[in-house]
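The following note sets out, point by point, what may be read from the model shown below. Please keep the coordinates open while going through the points.

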Amino acid sequence: MISSVKYTASSLTCSAFSSRKLPIQRSQLFTFPSIQNAEQNMGHSQLCSQKKPLYLASTENMALLKRRNVSECQAYEADRSRPLEINIELPSEEAAQRLKIGLYFATWWALNVVFNIYNKKVLNAFPYPWLTSTLSLAAGSLMMLISWATRVAEVPKVNLDFWKALFPVAVAHTIGHVAATVSMSKVAVSFTHIIKSGEPAFSVLVSSFLLGEAFPMQVYLSLLPIIGGCALAAVTELNFNMIGFMGAMISNLAFVFRNIFSKKGMRGMCVSGMNYYACLSMLSLLILTPFAIAVEGPKVWAAGWQTAVSQIGPNFVWWVVAQSVFYHLYNQVSYMSLDQISPLTFSIGNTMKRISVIISSILIFHTPVQPINALGAAVAILGTFLYSQVHSSFLLNQICSFYYFENPTGQDASVMT
């Protein structure tokens, strides 16, 4: 046991102690070795003082110390390979984190389902996807401005460089958002999401041919069920529409470029997920508004609005507000969840989100589905799940390789992805 007593006037020294140089603190504390070491070093049964030797009659008293129930404490050193065994019961932080992630996922899926339902209702009565997309971005921008003004959310500290880096991301986000809305205005919600589940295929192809990145064979093989399932679902779709199909494909491609621009340009920008999406929505709104006016125009919107209100009634206004608000909320929650979970968990959650949207839209809108069409959808979603597993393992290996080659000794290592 390592113990300490106050240093008295008659200082004790020993030849056994002189072999180890122990610093004497200002508090004048003298450190004794463990009992086992004391017995070994005191084989001659004597201690020596500074002037006169002090003899002990026997070492029986020292031996009795060992025979008693004395607890031995050993100091833990950082360079020891022996782990420190400490049994301390702490609150289960892992369970709390799992509950938090579960709440994120449940909220994310629920908001996405509600948005898709109201979005499809609005587009069925008011088939103007450019204005619908603009209203979605405008509602989110207004909500965040109010949150910043009332201090509900922290105002992000951004500069001109941030907006410059965000601009290509906003352009790709705007194209993807409008293209997906155009697709939903022409085809069923379930069909749009089946085609959008093929986004990983676009990601690998763009990264391979345009960026020159190489992937293992498992990643390429995981794309086969995605491509095959989407093709089977498209061929067997009863209400197939080329504009709707191309809208979903363009949306996939645009969101791939959005992710690429975000990784390259936004690296090192310290902005939370909620504020990042808020700034993205505002910049996308500025980009989209003039194009929406040029493509559709206020006259078309006014005529279509009167027709929708006369057919649906006041509930139509609620539909527009709901689809705009829920669009921002579900995207905001998804970006906030990225701050709490890994990319692999997010990919799995995104796959499950599409399943919930497809099933709920089929049940609510009574979309006719053939067995072969359902098989294609299942194969495509399964392929997306397999891709997320294989691709995440590939990224993990890249990070480990970077860690080893940058710092093979493992000292002062920090990898930021």
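1. His-366 lies in the loop between α14 (343-365) and α15 (371-406), and its phi is positive, about 55°, although it is not a glycine. Helices (H or I, at least four residues) and strands (E, at least two) are DSSP runs, numbered from the N terminus.

2. On provenance, this is a predicted model, in which local features need pLDDT of at least 70 and side-chain atom pairs count only at pLDDT 80 or more, while totals for chains, interfaces and linings use all residues. Residues are numbered from 1 along each chain as its sequence is written, and side-chain values use heavy atoms, with hydrogens and water left out.

3. As to overall content, the protein has 15 helices and 4 strands. It comprises 417 residues, of which 39% count as buried. Its accessible surface, computed by the Shrake-Rupley method with a 1.4 Å probe, comes to about 25100 Å², and 63% of that area belongs to carbon and sulfur atoms. Contact means heavy atoms within 4.5 Å. Among contacts between residues at least 6 apart in sequence, 82% join residues at least 24 apart.

4. Arg-151 has a phi of about 65° and sits in the loop between α5 (129-149) and α6. Is Arg-151 buried or exposed? Its relative accessibility is 65%, so Arg-151 counts as exposed.

5. Two packed helices are described by the angle between their axes and the distance between the axes. Here the axes are lines fitted to C-alpha atoms, for helices over the stretch in contact, and angles run from 0 to 180 degrees between N-to-C directions. Angles under 35 degrees count as roughly parallel, over 145 as roughly antiparallel, 65 to 115 as roughly perpendicular and the rest as oblique. A crossing is left-handed if the near helix is turned anticlockwise from the far one by less than a right angle, and right-handed if clockwise.

6. For helix α8 (residues 199-209) and helix α9 (residues 217-235), the axes come within 9 Å and cross at roughly 140°. The two helices are therefore oblique to each other, and their crossing is left-handed. From α8, Pro-200, Ala-201, Val-204 and Ser-208 meet Val-219, Tyr-220, Leu-223, Ile-226 and Ile-227 of α9. By class, this contact has 8 nonpolar, 1 polar and no charged residues, where Ala, Val, Leu, Ile, Met, Phe, Trp, Tyr, Cys and Pro count as nonpolar, Asp, Glu, Lys and Arg as charged, and the others, Gly among them, as polar.

7. Helix α11 (residues 273-295) packs against α13 at an angle of about 135°, with the axes 8 Å apart. That makes α11 oblique to α13; the crossing is right-handed. On the α11 side the contact is made by Gly-273, Met-274, Tyr-276, Tyr-277, Leu-280 and Ser-281, and on the α13 side by Tyr-327, His-328, Asn-331, Gln-332, Tyr-335 and Met-336. This contact comprises 7 nonpolar, 5 polar and no charged residues.

8. Helix α13 (residues 315-337) also meets helix α12 (residues 298-312): their axes come within 8 Å and cross at roughly 120°. Trp-305, Ala-308, Val-309 and Ile-312 of α12 are in contact with Asn-315, Phe-316, Val-317, Trp-319 and Val-320 of α13. The class count is 8 nonpolar, 1 polar and no charged residues.

9. Which residues does Ser-141 contact, leaving aside its neighbours within four places in sequence? They are Ser-281, Met-282 and Leu-285. Ser-141 is found in helix α5 and, at 5% relative accessibility, counts as buried.

10. Val-187 is in the loop between α6 (160-186) and α7 (189-196) and is buried, with a relative accessible area of 3%. Neighbours within four places in sequence aside, Val-187 contacts Lys-120, Thr-192, Asn-239, Asn-241 and Gly-244. The C-alpha atoms of Val-187 and Asn-241 are separated by 6.3 Å, although the two residues are 54 apart along the chain.

11. Ser-360, in helix α14, is likewise buried, with a relative accessible area of 15%. Ser-360 and Val-113 are 247 residues apart in sequence and 7.2 Å apart in space, C-alpha to C-alpha.

Key:
Buried < 20%, exposed > 50% of the residue type's maximum accessible area, 1.4 Å probe, protein only.
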